[in-house]
Amino acid sequence: MMLSKRFQIWSWFLSFLFVLSTSSARPKPYAMRISCGARQNVHTAPTNTLWHKDFAYTGGIPFNVTRPSYITPPLETLRYFPLSEGPNNCYNINRVPKGHYSVRIFFGLVAQPTIDNEPLFDISIEGSQINSLKAGWTKHDEQAFAEAMLFLTDGTASICFHSTGHGDPAIISLEILQVDENSYYFGPQWGQGTILRTVTRVTCGTGKSKFGVDYGGDPWGGDRFWHAISSFRPGSDEERSTEETIKHTSLSPNYYPNGLYRTAIIGTEKQPDLEHIMDVDPNKNYSIWLHFAEIDSVREVGQRVFDILINGDTVFQGIDIIKLSGDGYSSLVLNTTVAVSGRTLTITLQPKEGSIAIISAIEVFEIITVESGTSRDEVRALQSLKKALALPLRFGWNGDPCVPQQHPWSGIDCQYNSTSNTWVIDGLGLGNQGLRGFLPKDISKLQHLQNINLSENSIRGPIPASLGSVTPLQILDLSFNFFNGSIPESLGQLTSLRRLNLNGNDLTGRVPAALGGQLLHGASFNFTDNSGLCGIPGLPSCVPHLSSGAKVGIGFGVCIAFLLLAVCSVCWWKRRQNILRAQQIAAREAPYAKARTQFSRDIQMTIHNNHGFSRTASENGPSLLS
């Protein structure tokens with residue numbers, strides 16, 4: 001008996017793994033559940049599950065929830081993201097341990113949906129798009145959420161919602177649940193470069209739709225939701241169930257719950273085949289997991305044998321559950337990968353002569369190749385630019401700038417760099433967007449830019465000299481802003497520059513000679529409407545250029561001269577004050593001085609007269625009186 005393609009059989013060796021897994025207690029897996037829009041932590045019945053209050057979002061508005069399905073968690077709030085806050089909005093959760101995770105997002109409604117207001121949007125995880133909501137999703141319970149398994153390796157989980165112009169994304173809850181490192185290994189392609197998006201996960205037979213916790217499943221299984229199907233084609237198949245315990249279940253790495261294998265759908269004598277048909281996206285690869293347990297009357301090898309076909313191609317031949325699982329009431333899991341070009345996936349169980357088919361559960365995953373992200377240095381540079389220019393919310397610069405490729409950031413051009421296996425930014429087109437603020441020097445970290453257009457905004461401050469290190473730059477348009485200061489000499493190092501528009505700013509000083517030289521080689525430069533620029537034809541002539549040392553010397557000399565002038569002025573003022581004070585004193589004492597002068601002159605005249613007429617006795621002769 002030959003089994004075509006790949007398959008995995010969970011049989012006797014799983015018993016050995018079970019012994020190993022129970023020999024030592026395994027810690028609980030990491031689990032982060034967020035109730036979007038909630039202001040406080042929430043516990044939900046009947047399992048008392050903890051949902052953390054809302055955090056780590058980039059925008060949006062909290063609102064009361066309208067649940068689209070009975071399987072939606074019983075939470076009371078949601079967060080929706082109007083287009084006015086941008087087309088891309090995210091939750092960025094930090095401190096997530098490195099590991100393998102199941103990420104699940106439940107969608108909500110702000111109002112009862114109609115054809116016109118049913119929200120349709122895309123979802124990405126770590127930059128890879130995992131889901132696109134299709135019209136009518138609110139009418140299907142299994143479409144009320146998106147789920148994917150992937151590896152998170154950098155300590156963060158970025159979950160983003162991308163508007164498509166039809167309604168606003170509304171999210172009720174996020175779950176990041178750690179699963180076994182080796183869960184759902186499907187072959188060589190499996191690993192950190194792939195994501196498994198859940199397309200469907202059904203339990204067959206009389207059971208009800210359940211989550212893993214409802215089955216009492218191991219938390220390392222990721223609390224999977226199993227959608228119950230009682231019949232593939234009513235009237236053509238039957239249900240089966242048992243209360244017996246199924247062997248080889250709840251084992252590493254997938255931890256399938258025991259209850260999953262206690263129900264089944266089987267064919268009938270009239271219609272022994274089983275056929276399950278489902279819609280899928282075309283031109284994709286799918287990983288298919290088929291679950292079996294012999295819970296009917298078959299107890300011997302050879303009593304039930306069937307082939308399995310997918311879209312008409314036989315992928316497994318001669319499947320005998322008893323033979324492959326080793327016993328009745330023992331689980332068997334088969335896995336294969338198929339490429340589907342159309343929009344339908346048909347799984348057919350075709351019995352051999354004399355038997356009928358049976359199946360317990362089906363899982364189908366789309367295999368998605370992980371998108372290469374944008375260079376981290378360039379992401380940080382764009383975040384710095386976003387902050388410095390006060391970029392309006394409507395731009396929606398959240399998540400990864402270049403991926404998913406269906407939703408790049410508005411105003412940037414991306415190019416894949418095969419050397420570094422990352423996306424890089426080669427163009428900025430933000431002209432006439434009402435931007436303010438300044439141009440940060442970190443713009444130079446966008447080392448692959450060829451085109452920058454920031455014209456017709458209100459950007460202020462100097463042109464950063466670091467722009468001169470962006471050597472691939474061919475077009476730089478900063479016209480009609482409020483840039484001031486001089487043109488950096490470093491711009492002359494941009495030998496690839498073919499067009500430079502700096503007109504309509506407040507720039508001053510001499511145009512760098514290197515730029516003037518490029519004009520001779522066919523480059524197109526525009527420096528008009530800058531009253532302070534000079535130095536090239538079409539602009540005023542510049543005054544003789546002084547070196548920095550000369551400017552310092554002149555400044556020092558001016559300061560000394562000013563100081564000397566101040567000292568002389570103070571001395572002159574003090575001397576003048578002294579003269580004025582002396583004159584005032586002289587003026588007050590003038591009458592007394594005049595009187596003293598006259599008295600002195602009278603005395604002098606008297607003395608003079610006495611000396612002129614006086615005679616001695618001998619000169620006058622004898623006295624007449626004797």
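Is Glu 294 buried or exposed? Select Glu 294 to find out: with a relative accessible area of 1%, Glu 294 is buried (buried means under 20%, exposed over 50%, partly exposed in between, with a 1.4 Å probe and protein chains only).

Before moving on, some ground rules. This is a predicted model, where local features need pLDDT of at least 70 and side-chain atom pairs pLDDT 80 or more, while totals for chains, interfaces and linings use all residues. Residues are numbered from 1 along each chain as its sequence is written, and side-chain values use heavy atoms, leaving out hydrogens and water.

Next, select Glu 147 and Arg 104, a salt bridge with its closest N and O atoms 3.3 Å apart. Glu 147 sits in strand E10 (residues 145–152) and Arg 104 in strand E7 (residues 99–107), 43 residues apart (strands are DSSP runs of E, at least two residues, and helices runs of H or I, at least four, numbered from the N terminus). Both residues are buried.

For a contrasting stop, pick Asp 327 and Lys 247, another salt bridge. Asp 327 is partly exposed at 36% relative accessibility, and Lys 247 is partly exposed at 33%.

Finish at Ile 560 in helix H5 (residues 548–588). Ile 560 is partly exposed, at 36% relative accessibility.

Methods: A salt bridge is a side-chain nitrogen of Lys or Arg within 4 Å of a carboxyl oxygen of Asp or Glu.
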